[in-house]
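Subject: Structure handover

Hello,

Here is the structure for your files. My notes on what was found follow below it.

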Amino acid sequence: MGTVTMTAIPLVVAHLLGQYTILCNFIEKLGKDEQSREFYIYYEDLKTNKFILTKKPLRGDRRRRYEQSVFRQVIRFHQELIQFQHEFYQLYSTNMFIKIFFSNIIFSLFLYQLTLTSPSSISSALRYYKLVAEFVFFGYQHFFLCNSSDLLDNCNGNILRAVRNSAWMTCSSRTRKDLCFLVRRVQRPNHLRFYQGAVLSRDYFRRVFRVSYGFVNFLRFKDNRRSK
């Protein structure tokens, strides 16, 4: 059951990645006059892609109100994503520490079994290759979970790039000031955090593999001493 629930996490992360991509597209529209032939396009609702067409670009107070409207929608969308992540973490945080802990133990035991098993006969060879397949599958699942966490963390960097790619220089001083708060917010880490402790990432997976390898070497060293 724990493995099934953990495999659902990358699916949710994939959904979040898509939502963050949409958010970045919204941010890049800030300060820009999107034009289609002789008409200018201005978005009233970014989520539903509702827009109006005008023959002349907005100027003065109308443009400032439009910028603030777009920026408020961007902030609201970003807050909805953060709130969704928070609720998602709360849903999994109850038993996630135990699941991650036992996943690390199982990974180490798989590695230990692989070092002890040798395909000396057909039956043992089948068992060995089955064990290798299970180890690769379990290791890939664990890596995919950690990699999903890094991909989610990269979304904050994508938001920063979207701000740079927008025409923020042409925005009003109030909009530029509000953008500073968004930039400050996305400079925080955005990894998967289900409990207070290690942060899931590719570096975390590397450390788990290194500790598991050290654990296997320790057990083999003890076995060699007993055999002597």
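First, a term for the notes: a residue is buried when its relative accessible area is under 20%, exposed when it is over 50%, and partly exposed in between (1.4 Å probe, protein chains only). The model is a predicted one, so local features need pLDDT of at least 70, side-chain atom pairs count only at pLDDT 80 or more, and totals for chains, interfaces and linings use all residues. Residues are numbered from 1 along each chain as its sequence is written, and side-chain values use heavy atoms, with hydrogens and water left out.

Overall layout

There are five helices and three strands in the chain, in the order α-β-β-β-α-α-α-α from the N terminus. Helices (H or I, at least four residues) and strands (E, at least two) are DSSP runs, numbered from the N terminus. Of the 228 residues, 39% count as buried. A contact means heavy atoms within 4.5 Å; among contacts between residues at least 6 apart in sequence, 74% join residues at least 24 apart.

UniProt, in an unreviewed entry, places the feature "transmembrane region" at residues 6–27 and 96–114. Its positions are given in the numbering used here, feature names are shortened, and annotations may be inferred rather than shown by experiment. In the model, residues 96–114 are 100% helix and 0% strand, with the end C-alpha atoms 27 Å apart.

Aromatic pairs

Rings of Phe, Tyr and Trp (its six-membered ring) pair if their centres lie within 6.5 Å; planes under 30 degrees apart count as stacked, over 60 as edge-to-face and the rest as tilted. The count comes to nine aromatic pairs. One of them, Phe 107 with Phe 135, is tilted, at 5.2 Å centre to centre and 35° between the planes. This pair links distant parts of the chain, with Phe 107 in helix α2 (residues 60–116) and Phe 135 in helix α3 (residues 122–165), 28 residues apart. Phe 107 and Phe 135 are both buried.

Phe 143 and Phe 205 have ring centres 5.4 Å apart and planes at 70°, so this pair is edge-to-face. Phe 143 is in helix α3 and Phe 205 in helix α5 (residues 202–227), 62 residues apart. Phe 205 counts as buried because its relative accessibility is 15%, whereas Phe 143, at 30%, counts as partly exposed. Phe 107, Phe 135, Phe 143, Phe 205 and Phe 209 form one aromatic cluster.

Salt bridges

A salt bridge is a side-chain nitrogen of Lys or Arg within 4 Å of a carboxyl oxygen of Asp or Glu. The structure holds seven salt bridges. Among them is Asp 33 with Arg 63, at 2.7 Å from N to O. Asp 33 sits in the loop between α1 (2–28) and β1 (34–36), and Arg 63 in helix α2, 30 residues apart. Arg 63 is buried at 13% relative accessibility, while Asp 33 is partly exposed at 30%. Asp 33, Arg 63 and Glu 67 are linked in a network of salt bridges.

Another salt bridge joins Arg 202 and Asp 150 at 3.4 Å, N to O. Arg 202 lies in helix α5 and Asp 150 in helix α3, so the pair ties together parts 52 residues apart in sequence. Asp 150 is buried, with a relative accessible area of 11%; Arg 202, at 34%, is partly exposed.

Regards
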